[in-house]
Amino acid sequence: MKFDPQDDAFLINKERVLQTNSKLFGQALDPLQLNNIKLQTDKKAVTIYGTEFNKKQAYVAYVPIKNTRWMLVTIICSKPYEKIPSFFTKEVALISILSIVITFIVITKSISTLINRIQKADHEREIAIANAEHADKLASIGRLAAGVAHEINNPLAIINEKAGLMKDLIEYNDLSQNKDKFLQLVSSIQDSVARCRTITHRLLSFSKRIDTVREDFDINEAIKEVIGFIEKEIQIKGINMIYDLQENLPKITSNKGQLQQVLLNIINNAVDAVEQGGRIEIKTQQIDTNHIAISIKDNGHGIPKDKLKHIFEPFYTTKKKGTGLGLYISYGIIKKLGGDIHVESEVGKGTIFTIKIPINPELEEIK
């Protein structure tokens with residue numbers, strides 16, 4: 001059979017008695033002394049398995065010979081690779097365990113570092129957005145300067161006129177005879193001072209960096225205050241303002257300053273969009289038990305469909321002069337207040353912004 005000296009083949013009977021001579025296990029008719037090799041004499045098919053023989057890896061194959069009581073057994077020791085020493089097996093197991101532990105530590109550390117970086121990036125992003133909101137508010141205030149100056153100039157002119165008349169009364173007339181006239185002039189000056197105080201306080205309140213401070217207020221009054229800021233610009237451009245403000249709306253609990261910032265931004269955009277003598281419609285209505293809708297519609301040039309889907313993205317603007325942050329910041333503010341903002345536009349017909357704001361944000365959170 002041309003076997004290697006380390007290999008062997010022989011016949012045995014069902015009683016495990018050698019029927020031929022074996023190089024490794026004895027002569028014919030000797031009992032087979034092979035305790036570590038299992039042979040199942042009742043098997044009818046070829047059986048092959050690996051085992052250890054003389055401290056070497058070996059393969060054992062056996063098969064019964066048909067119509068006889070004999071079985072052919074072959075043991076191959078020359079071909080299989082040497083078995084890995086047990087001490088090396090232990091080292092491999094130890095290295096594997098250490099590798100798993102080290103890998104776990106590295107992954108945990110990497111995840112922790114990544115989470116810290118994400119948290120830091122989110123914090124820096126929140127700061128950047130807050131600064132951008134404040135910068136946008138200051139930019140809006142800069143635009144309001146002309147209108148506010150005009151509003152303050154009128155009561156100042158009244159104060160100057162009444163003060164001059166009071167001076168004349170003191171110098172050329174008997175004050176006791178013109179007491180009632182004098183008191184009327186003083187009252188008019190006081191009213192003008194109060195008007196100036198209201199304007200300046202409103203402007204200062206709007207310019208403050210406002211955190212999430214909720215208060216109860218009338219949304220219609222908040223809209224009128226915003227219109228008061230840009231009334232002069234509206235008059236200069238001859239814009240026809242149409243108001244459809246639902247009466248007896250419930251007061252909402254929200255951040256008045258931030259909501260007014262959004263309204264001012266959108267109304268300013270409408271003023272820029274319309275031509276001389278254009279039209280802007282502002283409507284408020286309660287749409288369900290916990291929501292009020294504010295719509296601002298203009299008949300300006302409109303926004304193309306391919307640009308409409310990008311208008312709430314940062315640094316995207318359809319204006320020649322614009323930062324592209326106004327609507328992005330407005331969108332973020334409305335979402336932060338628990339509301340939603342939607343825009344529809346058609347080129348040549350105009351644009352309508354719809355703001356949906358909760359009356360009570362706590363009820364919104366419960367839902």
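Asp 340 and Lys 335 join their side chains in a salt bridge, at 3.1 Å from N to O. The term salt bridge stands for a side-chain nitrogen of Lys or Arg within 4 Å of a carboxyl oxygen of Asp or Glu. Asp 340 is partly exposed, with a relative accessible area of 35%. Lys 335 is also partly exposed, at 38%. Here buried means under 20% relative accessible area, exposed means over 50%, and partly exposed lies in between (1.4 Å probe, protein chains only).

The model is predicted: local features need pLDDT of at least 70, side-chain atom pairs count only at pLDDT 80 or more, and totals for chains, interfaces and linings use all residues. Residues are numbered from 1 along each chain as its sequence is written, and side-chain values use heavy atoms, with hydrogens and water left out.

Searching the whole structure gives six salt bridges. Side chains of opposite charge can pair when their charged atoms come close. One of the pairs is Lys 256 with Glu 225, at 3.3 Å from N to O. This pair links distant parts of the chain, 31 residues apart. Lys 256 sits in helix 5 (residues 256–273), and Glu 225 sits in helix 3 (residues 219–229). Helices (H or I, at least four residues) and strands (E, at least two) are DSSP runs, numbered from the N terminus. Lys 256 counts as buried because its relative accessible area is 18%. Glu 225 has 24%, so it is partly exposed.

Next comes the pair of Lys 349 and Glu 346. Their side chains meet in a salt bridge at 3.6 Å, N to O. Lys 349 is exposed, with a relative accessible area of 59%. Glu 346 has 44% and counts as partly exposed.

Now turn to helix 1, which spans residues 86–172 and holds Ile 102. Ile 102 belongs to a nonpolar surface patch of about 370 Å², together with Leu 94, Leu 98 and Val 106. Patches are made of residues with over 30% relative accessible area and no salt bridge; like charges are joined within 9 Å, and nonpolar side chains (Val, Leu, Ile, Met, Phe, Trp, Tyr) within 5 Å. Accessible areas come from the Shrake-Rupley method with a 1.4 Å probe; for residues, only the protein chains shown count as cover.

Finally, look at Gln 33. Gln 33 lies in the loop between strand 1 (8–13) and strand 2 (47–53). Its relative accessibility is 58%, so Gln 33 counts as exposed. Gln 33 and Val 17 are 16 residues apart in sequence. In space, Gln 33 and Val 17 are 9.2 Å apart, C-alpha to C-alpha.
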